[in-house]
Amino acid sequence: MMRNRSPWLIGALLLPLVLNGCGIIDAFDGDQAVRVYSGRHYDLEEAFEEYATETGIDVEFLYGGDAELRERLRTEGEDTLADVFITADAANLQLAADEELLQPMDSAIVSGLPDNMVHPDQLWVGLSKRVRTIMYHPDRVDPSELSTYEDLTDPKWKGRLCMRNSNNVYTQSLVASLIHHHGYDAALEIVDGWVANDTEILSNDIVILETIAAGGCDVGITNHYYLARLLEDDPDFPVEPFWANQDQQGVHVNISGAGVTADADNPDLAVDLIEWLATDGQESFVYGNNEYPVNPDVAGPPLVREWGTFLEDPLNAAEFASLNADAIRLMNEAGYD
Amino acid sequence: MALIVTPIVIVGLGAFSPSADVWRQLWEGPLPEMLWTTVALLVLVGGGTIVLGTALAWLTTAFDFPGRRWFTWALMLPLAMPAYILGFVFLALFDFAGPVQTAMRSIFGTNVWFPDVTSVGGVAIVMSLSLYPYVYILARAAMREQAPATYEAARMLGDSRRAALLRVVLPMARPSLAAGSALVMMETLTDFATVQYFNVQTVSVGIYQVWRGMFDRETAVELAALVLLIALIVIGVERLLRGPARFHQRGAPRDIERVALFGWRKALAIGACWAVLGAAILVPIAQLLYWLLTSPAVVTDLSRGLEYLSNSLGLAVAAAIAAMFFALLAAGGARFSGRTLVRRAAHLVTVGYAVPGPVVAIGVLVMIGWVTSGAGSNPAGLVVASLTGLVYAYVVRFMALAYGSVDASLEKITPATVDAAHTLGANPSRVMRQVYFPMAGAGAAAGAVLVAIDVLKELPIVLLVRPFGFTTASVWVWELASESRWAAAAIPALLIVLTAMVPIAFYLRRERLSRGSAVALETRLTTAGRS
């Protein structure tokens, strides 16, 4: 009995695959479309839909990890369908540029953005800013005790710190910027100091913030929008941001950005989409995730606007991205997990 | 066979020029500790699954207690729970800000001691709970198929039940236990998601660090080769443990005479089964449901979820069929060719199981490039190519599951059976059709189920190889989990778990139906001889 029914069952299960496959193929026969590989996924769909309504050009996208998509671009070479490559951090954009996977944009709009947000040859452009700063519990820490990333090596913080693991690209970028500002050896001393303070290493920013709130540690380093997200769910969430290094170069800023692929079929559409994301599309690109817009003419999301203004480290992302491998080596050397 | 190994070789070729500098840094830096962590995790998970799997198999085979029949199959269900989902639920429950530690602090004060959950021990618990069914299923099969007669003989000769278990049943089940724990260790070795949640640095995590963070593809591949080497050692040990022993099936599989449990023993048996089920599947599902119901705005449109799910299912079924086809080809080929070379080559097809997903994926992407380079960038062609590529990648990656199951069931065909068929005048193709195929069928079903479940849960390959517009349930979980949106990830996570239970249920149905398979086999043999 079973045996007779099995082929039908299998056929029924395979059918959607075939249909979906055909559906995907059909989609390619439609009107003009720009295709995006994106390592950033949160709420991007809304921005793309908005772009499609405004311009009549569809955006097709494939989400994935930054590094994985970069690897795919490299493997596909000139056969790639992707016109635009979007990442959630600077290092992978810069590496794509180094591997000649991106082409210059030659756009007046892009050149109008702050210099440190754009690759010197316009191979990529930052579209949103993510501030990696110090977070603290206001009941147990007086903000006047806080000052810099470097100061967290002070023995008074022993046993009170939570940080993100070394596999995370945000940690890597922060340490890379320390290497840029202080040189390798001095940066190693700083990270050694964190380790000596028995810093608890956790595997994501949300857990760091929740651990601070629950009393597991007093001070941590995370990206700003994770706190914003927790505050959206619970306005009384007991953690406050502190903008680090205001008397020095400023707080460390990472970017989420985009570039046009070297073998894009529709380079003009690609530039158009990126220009839109850097101007009219800024709000829908950054608001959903509470990031800061790169375009100085666009106001930030209401929740983070309340946090006021602060000094940002003007270091170009290409600079700290090129030190990423050194940052990992340094953390390995320091025994920072 | 060459087809199966090609993607691995492509990537592996890059490994022939070791960059001495990076390796020295690794050796002086994190590598020794990563190796140590990997070995410790392998031992803990291997040991944990053997203890859990064997104990539960013996409990449900040799004893009788209320609910036993139900537990017998329910205990296989944790197979449907991916370790990475169990991992994030476990952390949410037990980390510093989680409900368990919060409750303990409010009762015992803020300085209450709690073991560090983000540790090798924590991962080992999670992985043992989600992987023990591999050992359990194989151990149960061995206990039912091979042990009863010998066990009863031992009992009659005066052995206590415990002595009979230790002296007869376990030694006879040893090949199955070794095979099961080898599968478990391969899964453990190539896992990178669960260990990263727990911030445990295994060599597989090292591959990611070197590849994604240090942008060093070559060294990453060399590290992957190191993982492969560890896997080969594990397989070597498995062969050693299996030894030259060959246990052929004699008579129909059946349960040994069960002993009813009473009093505290009964309570303990029931308690143990519930404890494992609770920790491995009931509590996690409850937590996922809680997230689903309490977090705001997680109910995304259902139609999209259904589309992702049907993509997952289609892919799983296609991959399972393809893997079974090649497994039958390889296992049959190995068995019918007298040459050791062919047999060795057949074993080689299983190597993909020990290669981390991304390595297979990149190899397959390169091959897709070869195939499509002539076609220009014809989108339709690329979609077909990359869907085919996905199925192909899964065959490469999970062949071991299919091959192992088929090979194991072929192994149970006694030489005497085949000789009898030949003596009765059946030619080789007839023996193939009427002896091997029916026997391989049972193994093939089990293998297909295992492949399908692993494909449903699989992430790195589908993420890297899929075409535009093709999203699966596991990709959906990843999108949300990578943004730390655990609560929103509850929907796709539940979808995966519930869906993966379906093939398990099918397999169980089949197992029940095939109880008379040995009898059927005898009948087929007789007809084979007569005609």
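1. Let's start with strand β5 of chain A, residues 125-136. This strand is mostly covered, as twelve of its twelve residues are buried. Here, buried is the label for a residue with 20 or more other C-beta atoms within 10 Å of its own, exposed for one with 12 or fewer, and partly exposed for anything in between, with C-beta atoms placed from the backbone. Strands (E, at least two residues) and helices (H or I, at least four) are DSSP runs, numbered from the N terminus.

2. A word on how to read the model. This is a predicted model, in which local features need pLDDT of at least 70 and side-chain atom pairs count only at pLDDT 80 or more, while totals for chains, interfaces and linings use all residues. Residues are numbered from 1 along each chain as its sequence is written, and chains are lettered from A and ligands numbered from 1 in the order in which they are written.

3. Which strands pair with β5(A)? Strand β10 (residues 252-261) of chain A runs antiparallel to β5(A), joined to it by seven bridges; two strands pair if DSSP finds at least two bridges between them. Arg132(A) stands opposite His252(A) in β10(A). Strand β8 (residues 219-223) of chain A is also antiparallel to β5(A), over five bridges, with Gly220(A) as the bridge partner of Met135(A).

4. Two further partners complete this part of the picture. Strand β9 (residues 240-242) of chain A pairs with β5(A) in the antiparallel sense over three bridges, and there Phe242(A) is the bridge partner of Ile134(A). Strand β11 (residues 292-293) of chain A pairs with β5(A) in the antiparallel sense over two bridges, where Ser128(A) faces Pro293(A) as its opposite residue.

5. Next, a helix pair in chain A. The axes of α6(A) (residues 169-182) and α7(A) (residues 184-196) come within 7 Å and cross at roughly 135 degrees. Axes are lines fitted to C-alpha atoms, for helices over the stretch in contact, and angles run from 0 to 180 degrees between N-to-C directions.

6. Ala, Val, Leu, Ile, Met, Phe, Trp, Tyr, Cys and Pro count as nonpolar, Asp, Glu, Lys and Arg as charged, and the others, Gly among them, as polar.

7. Turning to chain B, you will find 23 helices and two strands. Of its 531 residues, 51% count as buried. Ala139(B), in helix α7 (residues 120-145) of chain B, is buried because it has 28 C-beta neighbours inside 10 Å. Leaving aside residues up to four places away in sequence, Ala139(B) touches several residues, among them Gly53(B), Ala57(B), Ala173(B) and Gly180(B).

8. Finally, the place where the chains meet. The contact takes 54 residues from chain A and 54 residues from chain B. On the chain A side, α1(A) gives the most, with twelve residues. By class, that side has 24 nonpolar, 17 polar and 13 charged residues.

Notes. Contact = placed C-beta atoms within 7 Å.
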